[in-house]
Amino acid sequence: MIDIAGLEFKRGVFSLSVPDLTVQKGCKIAVIGENGSGKSTLLHVLTGLTPCEGIYYGGKELGGIKRKERAEMMAFMPQLPSVVFPFTVFEVVRLGAYAAGHMKNADRLTDEILKTTALVTLRDRAFTELSGGEKRRVMIARALNQRTDVLFLDEPVSMLDVRHSLEILKLLTDSGRTLIASMHEMNLSVKYFDRIWMMLNGKLIYDVPAGEVEASMLSEVFSVKADAHADHFTFSI
């Protein structure tokens, strides 16, 4: 369980503000908002990559949790891949197992994840030679290979085609893990996630069940005209 207690963070002219709330174990949360609204910053703060007070995991303040314990507890996939050396896909995904201390079984666990994420055919390809969508899938596999209870993903399905977007989201949301992900695809967010966090100018202004998202909220958050239909939303300027 994750508790956020009056989170306030400031960097330069940007401020992040999140009211008191609790994330129950196993909950799937999509964080939406315009570019620059604070989605990525929020993920960085919740993972401890950007230090900030007011975040608790199982009653323990995040700042007091050692890095090794964090790696065993949570995995994070950044918005942009940080791999610049020509490691193979297998080697990149195996880094996830190493991060969480699964040294002895790393090869076996990595092969399992490659099968689960349909990346076996890319196993020996150099990561630097992959397309943007393929790199995204590999980074998701690396995060999954940490075998943590909590996953933080920054735009997990950006650059993915329709089929892979659906497959990845189903895999992630069926995993039983606690999942917090920044998303741009509103209709996929409502379909696959339990709750929607809506960010505007650095503030979390709505925290609602996915089935209770209203067009007026989306219009406010994205500064567009949003219309609700039976099973999807449409947007216009």
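Author: Gladly, and keep in mind that this is a predicted model. Let's start with aspartate 111, which has a relative accessible area of 28% and therefore counts as partly exposed.

Reader: Which residue forms a salt bridge with aspartate 111?

Author: To call a salt bridge, you look for a side-chain nitrogen of Lys or Arg within 4 Å of a carboxyl oxygen of Asp or Glu. Here the partner is arginine 123, and the closest N and O atoms are 3.1 Å apart. This pair links distant parts of the chain: aspartate 111 belongs to helix α4, while arginine 123 sits in the loop between α4 and α5, 12 residues apart. Arginine 123 is partly exposed, with a relative accessible area of 26%.

Reader: Where do arginine 108 and glutamate 112 lie?

Author: Both are in helix α4, which spans residues 106-116, and they are 4 residues apart, about one turn of the helix. Arginine 108 has a relative accessible area of 44%, so it is partly exposed. Glutamate 112, at 33%, is partly exposed too.

Reader: Which residues are linked with them in a network of salt bridges?

Author: The network consists of Arg108, Glu112 and Arg147.

Reader: How many salt bridges does a search of the whole structure find?

Author: It finds 11. One of them joins lysine 60 and glutamate 69, at 3.6 Å from N to O. Lysine 60 is partly exposed at 38% relative accessibility, and glutamate 69 is partly exposed at 35%.

Reader: Which side chains make polar contacts with the side chain of aspartate 154?

Author: One is serine 40, at 2.7 Å. Another is serine 182, at 2.5 Å. Leaving out residues up to four places away in sequence, aspartate 154 touches Ser40, Leu43, Met77, Pro78, Gln79, Arg136 and Ser182.

Reader: What is the phi of glutamate 155?

Author: Its phi is positive, about 55 degrees, although the residue is not a glycine. You will find glutamate 155 in the loop between β9 and α6. With a relative accessible area of 13%, it is buried. Alanine 118 also has a positive phi, near 55 degrees, and is a residue other than glycine. Alanine 118 is in the loop between α4 and α5, and at 45% relative accessibility it counts as partly exposed.

Reader: Which residues touch the most other members of the largest nonpolar core?

Author: This core has 47 residues, and those four are Phe193, Ile196, Met198 and Leu218. Helix α5, residues 132-144, gives the most to this core, with 6 residues. Apart from it lies another core, of 29 residues, including Leu7, Leu16, Leu46 and Met199.

Reader: What does isoleucine 196 touch?

Author: Among its contacts beyond four places in sequence are Ala30, Ile32, Met186, Tyr206 and Val213.

Reader: And how do I step back to the whole protein?

Author: Begin by counting elements: there are 8 helices and 14 strands. The radius of gyration is 18 Å, close to the 18 Å that the globule rule gives for 237 residues, so the protein is as compact as a globular protein of that length. Buried residues make up 50% of the 237 residues. Finally, of the contacts with a separation of 6 or more, 62% are between residues 24 or more positions apart.

Definitions and conventions:
Residues numbered from 1 in each chain as written. Predicted model: local features only at pLDDT ≥ 70, side-chain atom pairs only at ≥ 80, totals over all residues. Heavy atoms only, no water. Core = buried A, V, L, I, M, F, W, Y, C linked by side-chain atoms within 4.5 Å. Buried < 20%, exposed > 50% of the residue type's maximum accessible area, 1.4 Å probe, protein only. Helix = DSSP H or I, 4+ residues; strand = E, 2+ residues; numbered from the N terminus. Contact = heavy atoms within 4.5 Å. Polar contact = N/O pair within 3.5 Å; in protein donor to acceptor, adjacent residues only side chain to side chain. Rg over C-alpha atoms; globule rule 2.2 N^0.38 Å.
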